[in-house]
Amino acid sequence: MRELAHFPIRYRLVPTNTSDRPVRVRFAPSPTGDLHVGNIRTALFDWAYARHTGGQFIFRIEDTDRERVTDEYIKAAQDTLKWLGLNWDEGPEVGGPYGPYLQSERLDIYAEWSAKFLAQGDAYHCYCSSEELEARREAQKAANVAPGYDGKCRTISSDDLAKYKSEGRLPVLRMRMSDGSTTFTDSIRGDVTFDHNFVPDFVLVRGDGSPLYTLAVAVDDILMKVTHVLRGEDLLSSTPRQIRVYQAMGVSESDYPTFAHLPFVMGQDNAKLSKRNGEVSIAWYRERGFLPEAICNYLALLGWSPGDDRENVTMKELTELFTVERVHSSPARFDMKKLEAINGDKIRELTLDELLKRTTPFLIKDGVITGTPEELDVVKSALPIIQERIATLAKVSQMLKFLFVSKFEVDAEELPKIKDEQAQAVLKKSNDVLQKLENWDHESIHMALKSALIEGLGLKPRVAFGAVRIAVTGSHISPPLFESMELLGRSRSLERIAGSIS
RNA sequence: GGCCCCGUCGUCUAGUGGCCUAGGACUCUGGCUUCUCAAGCCAGCUACGCGGGUUCGAAUCCCGUCGGGGCUACCA
């Protein structure tokens with residue numbers, strides 16, 4: 001076994017794509033659950049960068065830990081990306097020249113490289129058991145030295161080897177780190193240096209022969225000719241290990257990818273956003289009626305800005321404007337209120353047909369309609385009056401429910417408001433004038449009620465119309481009253497008003 | 001503990017030595033809009049973590065400090 005030369009490793013990277021290699025960016029999640037806000041922010045930046053540069057966007061599944069990654073989650077990840085419009089050029093389903101794109105299907109490749117590393121002396125077998133390692137780590141902590149593998153099995157006597165083998169111990173494959181340090185240029189953070197004293201020999205292959213992330217990620221990025229690695233900040237300190245694998249692979253420095261570590265998206269509790277702290281899965285937002293373009297727009301503004309005051313950015317504009325240089329190095333807090341505001345803006349930008357298409361599934365799911373053409377006609381005529389008052393698509397159901405219920409009932413907590421003397425007078429008067437109304441359109445209804453209630457009874461509009469609103473829609477919050485009554489129709493409107501009179 | 005990253009309104013951000021008595025957006029508060037809720041419009045509150053230095057001049061550069069976060073696995 002050859003000892004590695006003891007010299008500091010100098011590794012310089014150009015901060016932006018000045019290389020003439022075509023840009024290839026990958027998004028490589030390890031789907032151990034539904035993709036969450038942080039994952040998607042990374043995917044979005046990866047995608048935007050690829051599109052901005054006219055490069056390729058590669059989607060790779062890191063499923064080397066088959067105990068935590070399930071097929072279900074892999075499928076869900078693909079669905080989420082597609083729903084968001086982050087289409088990939090290479091990856092699952094579409095294939096590509098450097099596939100397969102599931103690491104679990106590339107095991108022979110990793111086996112080949114790990115055998116090579118072993119033969120070259122870059123890596124070595126380590127027979128230390130988990131218990132032994134744990135004990136030594138504890139001792140290191142107690143002695144206040146940097147914890148990490150101590151290199152015990154770098155050299156191993158034949159006696160010990162025979163002993164371990166007779167005990168049936170299965171070795172892991174460890175990468176040998178040299179002395180010195182690794183410096184690389186992160187496009188977002190600048191030069192970052194790690195002293196190898198704090199980068200212990202790391203495991204490439206488990207005792208059972210399966211590869212670890214540390215091996216697979218580096219091998220794949222090289223083999224798939226990835227030029228830019230934009231990923232979460234949590235992986236920053238694992239970069240020297242990736243670079244060590246590149247060296248062992250014999251890759252020349254000019255072919256190393258450029259790294260850019262994106263800042264975290266944090267939860268309200270100021271901790272890294274994770275499954276623990278609440279509503280982080282993209283599926284959760286989808287179910288609540290958030291638009292994919294709104295999610296992308298909002299997420300793009302977390303850690304990046306176009307540079308001017310604009311906040312409403314389309315996907316197209318994002319691809320035009322996105323550069324790594326404008327990505328922040330500091331973490332951002334996720335703010336649901338702002339997402340809702342942007343979602344509302346995006347809803348208001350939708351055409352009527354588009355809005356109808358998007359809201360229909362929610363109305364059906366909530367049992368408001370079954371989806372007949374007649375129902376959709378009604379929905380379509382009602383959408384213009386609620387488009388500016390909903391922040392999420394899921395809100396349409398409660399707004400339009402009153403138009404479809406077969407057995408109408410006033411909300412229990414609203415009922416007392418129309419039972420007092422004044423309200424009853426309003427309803428009786430309304431019933432009288434509306435019975436005689438010739439044209440049942442919102443303008444006529446408005447005029448009739450205004451004249452009867454405001455001028456006739458001398459009431460404040462909000463008081464008078466409020467009672468009618470509750471009687472007709474069942475709630476004090478509703479779309480505009482007169483339009484609602486026009487949509488509801490004469491008979492049902494009058495029926496409800498009459499039904500509210502005691 | 002060690003290593004690494006980070007630090008402008010409550011939140012997201014603009015800002016790369018003078019354009020900053022720090023701009024925008026979201027939130028919040030008040031008002032307008034005589035049908036609610038929204039939307040829209042107007043106004044207001046509120047920030048350069050702290051301490052030194054460099055400079056004629058610092059949010060911007062340097063040092064220190066404090067604070068937050070990540071990593072420290074046969075997870076990724």
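Into which domains is chain A divided? Select in turn domain 1 (9-108 + 212-266), domain 2 (128-170), domain 3 (282-347), domain 4 (350-403) and domain 5 (415-499); these bounds come from an automatic or database domain assignment. The model is predicted, so local features need pLDDT of at least 70 and side-chain atom pairs count only at pLDDT 80 or more, while totals for chains, interfaces and linings use all residues. Residues are numbered from 1 along each chain as its sequence is written, chains are lettered from A and ligands numbered from 1 in the order in which they are written, and side-chain values use heavy atoms, with hydrogens and water left out.

Display domain 2 and domain 3 together: their centres, taken over C-alpha atoms, are 48 Å apart.

**The second largest pocket**

Select L133, R137, V172, R174 and V203, which lie nearest the centre of this pocket among its 26 lining residues. A pocket is an open set of points on a 1 Å grid over the protein atoms alone, where a 1.4 Å probe fits, with protein on both sides within 12 Å along at least five of seven lines; lining residues have an atom within 4 Å of a point. The pocket holds about 590 Å³ of space, a volume being the space filled by probe spheres set on the points, which are joined across faces, edges and corners. Because domain 1 and domain 2 both give residues to the lining, the pocket lies between them. Next, highlight helix 4 (130-142), which supplies the largest share of the lining, five residues. Helices (H or I, at least four residues) and strands (E, at least two) are DSSP runs, numbered from the N terminus.

**A pair of helices**

Move to helix 13 (residues 373-386) and helix 18 (residues 481-488), whose axes come within 11 Å and cross at roughly 175°; axes are lines fitted to C-alpha atoms over the stretch in contact, and angles run from 0 to 180 degrees between N-to-C directions. The two helices are therefore roughly antiparallel, a term for angles over 145 degrees. Select S381, A382 and I385 of helix 13 with E483, S484 and L487 of helix 18, which make the contact (heavy atoms within 4.5 Å).

**A loop**

Finally, select P100, in the loop between helix 2 (71-84) and helix 3 (107-120). The peptide bond from G99 to P100 is cis, with omega near 0°. E93 is also in the loop between helix 2 and helix 3, and E93 has a positive phi of about 75° although it is not a glycine.

Conventions: Parallel < 35°, antiparallel > 145°, perpendicular 65-115°, else oblique.
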